[in-house]
Amino acid sequence: MSKRSPAFFFALLGIAALLIATSPAEAQKKRAEKNAEEAAKQQANFKEAEALRVAYIMVAVADHDYDGHRVKAMKQLQEAVKLLDIKVLRHGTAAQKDATIKEDEVDALAKEAAKHTPKLHEGQNMSDAQMKYAGELLLKVRGALVESKHPKVLNHVNEAIKQIDIALKIR
């Protein structure tokens, strides 16, 4: 029998300690913690997308064209929502994915209904108020997007805010 050095036994002891430390129960606990963190992250994404949808609706129902800046803001908001939805659909829980799909279906139905609904004329002040509300909501969501580190979504939101600001300067 060959003689083993003390370093060899310490190495074996270290390996055994690692194997014990990463027991199946410990690994399962770590997976559960990671899943809970991911679910919370995707819930935040879902809530951010919901707020952007509300802002989109407020901009969409504003009656005046604002020299195309209203439509540009709407396009930016659509892109921002799409990016957040993709994250939720890839990494969210089954309930979050289902809710996102339902929200998208409602959005599609509302857009289709809007095409076939006669426009009602509202005053400039009411239209401006809707645009201002959307801009204020976007500023709030912007803070959450900075915290959650969504640079692409943030770029779209920043551009939508810019378009709303330009639109409100037009009379």
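This is a predicted model: local features need pLDDT of at least 70, side-chain atom pairs count only at pLDDT 80 or more; totals for chains, interfaces and linings use all residues.
Eight salt bridges are present in the structure.

One of them joins D104 to R53, with 2.5 Å between the closest N and O atoms. This pair links distant parts of the chain. D104 belongs to helix 4, which covers residues 94-115. R53 belongs to helix 2, which covers residues 24-61. R53 has a relative accessible area of 4%, so R53 is buried, since buried means under 20%. D104 reaches 28% relative accessibility and therefore counts as partly exposed. Both residues also take part in a network of salt bridges that links R53, D85, E103, D104 and D107.

D98 and K102 are four residues apart, about one turn of the helix. D98 has 38% relative accessibility and so counts as partly exposed. K102 is partly exposed too, with a relative accessible area of 45%.

Helix 6, residues 151-169, holds both K162 and E159. Their side chains meet in a salt bridge, with 4.0 Å from N to O. The spacing is three residues, about one turn of the helix. K162 counts as partly exposed, at 44% relative accessibility. E159 is likewise partly exposed, at 26%.

Key: Residues are numbered from 1 along each chain as its sequence is written. Side-chain values use heavy atoms; hydrogens and water are left out. Helices (H or I, at least four residues) and strands (E, at least two) are DSSP runs, numbered from the N terminus. Buried means under 20% relative accessible area, exposed over 50%, partly exposed in between (1.4 Å probe, protein chains only).
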